[in-house]
Amino acid sequence: MASTRLYRDGSLVEEDFPVRDISRHLADPSTTVWLDLYRPNRAEFTAVGEELGLHELALEGALHEGQRAKLDSYHTHHFLSVYAVAVDPDGAGLTMSELAVILTSQALITVRKDAAFALDELVARWDRTPALAAHGVAFLLHGLLDYVVDGHFAAVQQLDERIEELDDLLFAEGDRQIQTVQRQSYALRKSLVRLRRVVLPMQEVVKALMRPTSKSSTAPCCRTTAMCTTTCCVPASGRSHCATWWPR
């Protein structure tokens, strides 16, 4: 299943056009294309890669699950692996959604590896700032990273609140409360370990995209996101319970 968008001169002009039309649209240098694929098969994605001249390692990375959060650069494009996260309703578990991203000078391609990634929320975020669409791929990437990092920050805050609730239970009387604290604190620590593994690498990903040598010219649109990743990864001492629980 594929979703597509076409921007021309900073304006959204077409949606859900056939994937086979991407090359024709990109022949116009004033255009920017977004393509989203959900669990594409190898033949389908290889055809897209050949059409856009993508490196075979970028294609492999986009198809395989379990990639670490990272940025790989090739001659004409970048490959990113990122994770969206959400705290489970029980307040202790963590749901992670892996997303592969390929950037060219005129296109942003997202490959979703599960259905948990909230695509509608990402599109709504783009639509709330149409004036920034003139920045092309940088606009799309900024919206994507901003959405992902906001989710990381929200997860830290929710886990922090849950830890504070457990601290209160420590002073409650009765064996039942003590057992609850032990069980839930164990679950919270597991979630913090998993969160750390995807949050910390995001600092380096965003910093790399901000460098002047970055081929994607995304630096101006990534500075705010970089500040958020730093805040999320290094909770302020004395302000966050996660600062003391954060696994080393």
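Predicted model: local features only at pLDDT ≥ 70, side-chain atom pairs only at ≥ 80, totals over all residues.
Let's begin with the whole chain. Eight helices and seven strands are found in it, and buried residues make up 50% of its 248 residues. If we take contacts between residues at least 6 apart in sequence, 60% join residues at least 24 apart.

How confident is the predictor? The protein chain averages a pLDDT of 82, with 81% of the residues scoring at least 70. Two stretches call for some care, as this table shows.

| Residues | pLDDT | Contacts beyond four places in sequence |
|---|---|---|
| 214-231 | under 50 | 41 contacts |
| 233-248 | under 50 | 34 contacts |

Now let's visit helix H2, which runs over residues 42-52. Which of its residues are buried? They are Phe 45, Val 48, Gly 49 and Leu 52. These residues cover an arc of only 100 degrees around the axis, so they lie on the same side of H2. Their packing partners are helix H1 (22-26), strand E3 (31-38), helix H3 (56-63), strand E6 (94-103) and strand E7 (107-112). On the face of H2 turned away from its buried side, you will find the exposed residues Ala 43 and Glu 50.

Asn 41 caps the N-terminal end, with a side-chain oxygen 3.2 Å from the backbone nitrogen of Ala 43. After H2 comes Gly 53, which has a positive phi, near 70 degrees.

Key
Residues numbered from 1 in each chain as written. Heavy atoms only, no water. Buried < 20%, exposed > 50% of the residue type's maximum accessible area, 1.4 Å probe, protein only. Helix = DSSP H or I, 4+ residues; strand = E, 2+ residues; numbered from the N terminus. Arc of directions from axis to C-beta. Contact = heavy atoms within 4.5 Å. Polar contact = N/O pair within 3.5 Å; in protein donor to acceptor, adjacent residues only side chain to side chain. pLDDT = per-residue confidence, 0-100.
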